[in-house]
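Subject: Handing over a structure

Hello,

Please have a look at it first and then read on.

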Amino acid sequence: LTLTVGVLFIRTFLREQKLSFALFLSLSLLTGIAISIFFSFFSFIFLNTFNLAFITLLHIIAIIVLFIKTPKSFQLPDQHIILKDILPALIILFVAGIISFIFAKNYPYGGWDAWQVWNFKSRFLLLSGERWKELFDPGLWRSSPHYPLALPLWNAWTWAFTKNTWSVPLWNNVLFNIMTASLIFGFLRQKKSSLLSAFPALFLFTLPEYLTHSTSQYADIFLGLYLLGALGTLYLAFTSPNNKPLIALSGIFIGLLSFIKPEGSILAAIVFFIGTLFLFFYNQKKTIPILWLTVLIAGIPTILFQLFLSPGNQTFINGFTSTSHPALFTRLKIIAAFFLTEITRLKWGFLGFLLIITTLLYPKKIFGKSLSIFPLTLLIYLGIVIFYYWLNTYFPIIWWLQVTLSRILGSLVPSIILWISLSVLQKKDPAIQTGAEKENCS
């Protein structure tokens, strides 16, 4: 149901875009998951419980409506292009699936706090009936009741079809890893018709730290997946004519991003702000309402959650105003030293060195206009993260950094790989389509 509604959605709204087969399937599943989460959330809003029949009915209605609206003239890529995608796609599927499963088996129930936060919420939503709002009791602060519900809702939706409850989050994490690799490959194939597009996707599975966190059932891999989708589709929108459907799709991913974690809300705001600025300054002002509207619609669950469900962060102390837990300058120096040490560790493979080398060899491309959305998003986000570590003095800083910083960095790895790969594989930085150029194309 999820894949079907996603395929029909992409076929209907991106009918004028010539997508590679790999990107078409990747975006379809990413969109379908967002729609399934949306429907699952509104089961709780309208029926005050997880109602599988209601959610399934919404999927069926959506499939029927989209099937009717799907244009008969829609064409998939040519057969030889599809065949050209199949071999690298199968290799990615095999490598990503096998390696992810091997790592996931090391933590079949997830990391201890992943189970306490995400898997606990998933089972609670599925099994609690009309008492589901007790999940947001401030007394459950160790389970972070102020965290949004995208991942628990997806787990609950997939859990509802199986009795083998313990393995569902494990297989979902394997799926997210496969989707992440496929999405990297799909975006690169869209811009570079070469088998070389598969190597950056496979490089992801040479990073042991990334694999450990992405298969331990945390939400960070899910966060990184939708950040990758949002940045990738915005990049395609900036460099493609007739880009309104791509802008709308990026708005959906931005809205869903805000419903995953508080960090997702920060990233969603950054990508939304940068996207709006790009559209404004490159004479695409007519498309700004499309981005705003789709972000608003996709962000409805986040808005309702923050207004009516979230008890607020129970683990926050403002160190700038607290006399018992002040945010000392020493704390900031510890954060900076820890951060610099972390990003240079070999557990991240040679990703940091690749970024430095690419910057030295291709400075005009890696920081070109079309790709600048990647470094701007990453730098602003990391600056906010460092500031928040300094501001919130609830936790001892060294313990907090040891537990969380590597997961935060891990969620950025797929987008960094796509950014580096686009700058290397493309012969030159593609020009951003201006409003005048779009009118000429039309």
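On a 1 Å grid over the protein atoms alone, a cavity is a set of points where a 1.4 Å probe fits but cannot get out. A pocket, by contrast, is an open set with protein on both sides within 12 Å along at least five of seven lines. Residues count as lining when they have an atom within 4 Å of a point. Grid points are joined across faces, edges and corners, and a volume is the space filled by probe spheres set on the points.

A word on the source: this is a predicted model, in which local features need pLDDT of at least 70 and side-chain atom pairs count only at pLDDT 80 or more, while totals for chains, interfaces and linings use all residues. Residues are numbered from 1 along each chain as its sequence is written, and side-chain values use heavy atoms, with hydrogens and water left out.

**Overall picture**

The protein has 20 helices and 0 strands; these are DSSP runs (helices H or I, at least four residues; strands E, at least two), numbered from the N terminus. The C-alpha trace spans about 60 × 55 × 45 Å along its principal axes. For 442 residues, a compact globule would have a radius of gyration near 22 Å, and the 21 Å of the protein agrees with that. That radius is taken over C-alpha atoms, and the globule rule is 2.2 Å times the number of residues to the power 0.38.

Of the 442 residues, 56% count as buried. Buried means under 20% relative accessible area, exposed over 50%, and partly exposed in between (1.4 Å probe, protein chains only). The protein exposes about 19400 Å², with carbon and sulfur atoms supplying 70% of it; the areas come from the Shrake-Rupley method with a 1.4 Å probe, and for residues only the protein chains shown count as cover. Contact means heavy atoms within 4.5 Å. Among contacts between residues at least 6 apart in sequence, 81% join residues at least 24 apart.

**Cavity and pocket**

How many cavities of 30 Å³ or more are there? The count comes to 1, and about 50 Å³ of space lies in the largest cavity. Its lining is made up of Y210, H213, S214, Y218, D220, I221, R407, G410 and S411. Two or more lining residues come from each of α9 (208-214), α10 (220-238) and α19 (397-425). By class, the lining has 3 nonpolar, 4 polar and 2 charged residues. Here Ala, Val, Leu, Ile, Met, Phe, Trp, Tyr, Cys and Pro count as nonpolar, Asp, Glu, Lys and Arg as charged, and the others, Gly among them, as polar.

The largest pocket has a volume of about 810 Å³. Its lining has 30 residues, and the closest to the pocket centre are S144, Y147, F395, W400 and T404. The elements giving two or more residues to this lining are α5 (112-127), α12 (262-281), α18 (373-391) and α19. The pocket lining divides into 17 nonpolar, 7 polar and 6 charged residues.

**Residues to look at**

Most residues other than glycine have a negative phi. S144 has a positive phi of about 50 degrees although it is not a glycine. S144 sits in the loop between α5 and α6 (150-159), and its relative accessible area of 13% makes it buried. N48 also has a positive phi, near 60 degrees. N48 is in the loop between α2 (21-47) and α3 (52-69), and is partly exposed at 27% relative accessibility.

Finally, Y235 lies in helix α10 and is buried at 2% relative accessibility.

Best wishes
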